[in-house]
Structure formats: structure tokens, C-alpha cells
Amino acid sequence: MAARELTTPLNEALAAFYAHLEGERRLAPRTLDAYRRDLDGFAAFLAAHLGQMITLADLPGLKASDFRAWMADRRRDGLSPRSLSRELSAVRTLFGYLQRRWKIEVAALSLVESPKHTPSKPKPVSETAARALITEAGERDAPDWIKARDAALLILLYGCGLRISEALALRRADHPLSDSLRVTGKGSKTRIVPVLPAVREACEAYVRLCPFQTNSEDALFRGVRGGPLGARSVQALMQDLRARLGLAPSATPHALRHAFATHLLANGGDLRAIQELLGHASLSTTQVYADVETQRLMSIYDQSHPRARKR
């Protein structure tokens with residue numbers, strides 16, 4: 001690396017890193033915003049901690065204690081161990097990029113351990129609750145087309161295991177749905193998911209009743225005023241439905257995706273196949289559903305088996 005490049009301010013190197021994430025790795029806007037928020041905060045801490053503007057030349061001299069001081073500062077801000085692990089992961093990704101592009105070696109970072117935390121388990125709704133949510137969405141007091149839209153959206157989340165963003169990204173050109181659906185998820189990863197007849201029928205019923213004229217590239221699901229339906233509206237819908245049905249706060253739109261995976265597994269689904277259907281990059285991510293199902297089975301055993309009952 002040329003000597004003049006060593007004087008590059010860290011903020012300029014960060015700008016190059018963000019451009020790399022957006023242009024070459026094609027990260028989703030929300031993921032990119034999270035990187036910016038975490039790393040801009042890290043850079044601001046370093047400048048205050050060391051009392052100077054940080055350049056690339058300063059980075060190899062960082063000590064493990066500097067990174068631990070940043071982590072302690074974030075914990076004082078109330079950051080959870082899980083969130084701090086995510087921020088530390090962002091810092092490691094940044095320094096990996098700096099090493100590849102500018103040959104910056106920061107040995108001290110390898111001495112810093114991620115904070116210990118217990119991974120949270122998915123909280124799927126039960127099969128009964130999933131059915132009740134879809135039914136209630138189609139029967140509550142609302143215009144017919146909105147009832148049809150909400151029921152179609154929920155059955156799409158549950159029947160295909162989609163994220164909210166994936167369902168709302170569907171275009172009018174995707175209708176009528178075929179036996180399978182091509183979905184682009186996190187990291188621009190594309191997968192194919194089967195579409196149940198009930199899902200197709202619900203979407204067809206919604207499109208027939210939808211009062212708005214749309215072009216092929218317009219969003220399939222429309223809001224009350226004709227614009228694209230937003231994620232906040234779907235979250236508000238679920239909040240209303242779970243209040244009506246007396247369900248726990250964990251009954252969110254994403255809980256229907258969790259239910260899709262858990263119920264497939266409970267009915268003999270293959271873990272590797274479920275990984276593909278969900279679009280998980282790693283099988284370990286999907287493995288948590290096996291843990292959830294095991295816990296449920298053990299709970300049923302404890303409640304039902306005569307030798308398991310306390311006397």
C-alpha cells in the first residue's frame with residue numbers, strides 16, 4: 001500500500017466499504033442501513049476514545065483493550081449481548097474488507113470474543129391459531145376486497161413460508177400464481193417454493209375483488225388508497241387479529257413463517273428441504289425449528305404420559 005493511502009481517513013474508507021456492500025454484495029437497503037449505523041458509531045467512538053481523527057495508519061496499532069472499551073461503552077448504552085454480537089460482526093466484516101483492499105492487519109481483533117448470549121427460539125403460532133388468524137382476517141368487519149386481501153396475504157405467509165417483505169414484493173405480473181413461485185429473499189438469494197391450491201384460490205379471490213387497476217410491475221397487494229401495501233399495515237392487521245383471538249404478542253406476521261417450518265417438520269418434513277424452502281444459507285439456522293419441535297413433543301409427553309405425571 002502506498003504511503004499516501006495510509007493517511008486516508010477512516011470515514012472515507014467506510015464510504016468505500018458501503019459502496020462495496022451496495023454495489024458488489026448487493027445488500028438490501030435495510031441491511032446496509034444497519035451496517036452504516038453500527039460502523040459509523042464505532043468510528044465515532046474510536047475518534048473520541050483516541051482523541052484524534054482516525055486514519056488507516058492508526059488501525060494496526062489498535063489493541064484488544066480498545067475494542068473491549070467500545071463494547072463496554074455499547075453495553076452502558078443498554079445494548080443487548082445479541083445486538084452487540086451483531087455490531088462486532090459488522091466490525092469484523094469491515095476489517096476483513098480493509099485487509100483485502102489496503103492490506104491493513106489488525107491482529108488485536110482476533111483476541112476479542114463475542115459476548116455470550118442464549119439464542120432466542122422461534123415462536124410459531126399453532127396450527128389452530130394459524131387457521132383462526134386466516135379465518136378471522138376474512139370475516140371481520142371490513143370491505144370485501146380488504147378481507148379477501150388480508151386472508152390471501154396471511155395464507156401466503158403461512159402456506160409458502162414467506163417473509164413479509166417477500167410477499168409484499170410480489171407484482172401483478174406474478175398473478176395468477178402457478179404451482180410454484182420464484183422468491184427473491186435476503187442477500188438476493190432466489191428460491192422456488194410450492195404454491196398450495198388454497199393459496200392460489202385466495203389470491204385469485206382477492207384480485208377479482210380488488211378495485212384498483214394495476215400494471216404488471218405494480219405491487220400485487222394494494223393499500224386502502226391504491227398504493228402498495230406496507231409492512232406496517234400488515235403488522236397492524238396481526239395486532240388487531242391477535243387481540244380479537246386472544247393470542248400472545250408473539251403472534252406476528254413472521255410467526256406464520258415460523259409456523260410453516262415447524263408444522264412441516266412436525267409432519268415429517270426433511271430439515272434440508274425446509275432449509276431450501278425458507279431460503280436459509282446455513283442448515284444451522286433451520287436447525288432451531290427441530291429444537292422447537294422437540295421441546296413441544298416433550299411438553300406433550302410430560303402432560304400426557306401417565307408415568308410422567310407428578311403424583
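Mentor: Let's start with a term: a salt bridge is a side-chain nitrogen of Lys or Arg within 4 Å of a carboxyl oxygen of Asp or Glu. This is a predicted model, where local features need pLDDT of at least 70 and side-chain atom pairs count only at pLDDT 80 or more, while totals for chains, interfaces and linings use all residues. Residues are numbered from 1 along each chain as its sequence is written, and side-chain values use heavy atoms, with hydrogens and water left out.

Trainee: How many salt bridges does a search of the whole structure find?

Mentor: The general idea is that side chains of opposite charge can pair when their charged atoms come close. Here, the search of the whole structure gives 15 salt bridges. One of them joins D144 and K147, with 3.5 Å between the closest N and O atoms.

Trainee: Where do D144 and K147 sit in helix α6?

Mentor: Helices are DSSP runs (H or I, at least four residues), strands are runs of E (at least two), and both are numbered from the N terminus. D144 and K147 are separated by about one helical turn because they are three residues apart in helix α6 (residues 144–160).

Trainee: Is D144 buried or exposed, and what about K147?

Mentor: Buried means under 20% relative accessible area, exposed over 50%, and partly exposed in between, using a 1.4 Å probe and protein chains only. D144 has 52% relative accessibility, so D144 counts as exposed. K147, at 17%, counts as buried.

Trainee: Which residue forms a salt bridge with R200?

Mentor: That is D179, and the closest N and O atoms of the pair are 3.1 Å apart. R200 belongs to helix α8 (residues 197–209) and D179 to the loop between α7 (164–168) and β1 (180–184), so the pair ties together parts that are 21 residues apart in sequence. R200 counts as buried because its relative accessibility is 18%, whereas D179, at 56%, counts as exposed.

Trainee: What does E87 form with R74?

Mentor: E87 and R74 form a salt bridge, their closest N and O atoms lying 2.9 Å apart. This pair links distant parts of the chain, with E87 in helix α4 (residues 81–102) and R74 in helix α3 (residues 64–76), 13 residues apart. Both residues, E87 and R74, are buried.

Trainee: Which residues are linked with E87 and R74 in a network of salt bridges?

Mentor: The network of salt bridges links E87 and R74 with D38, D77 and R86.
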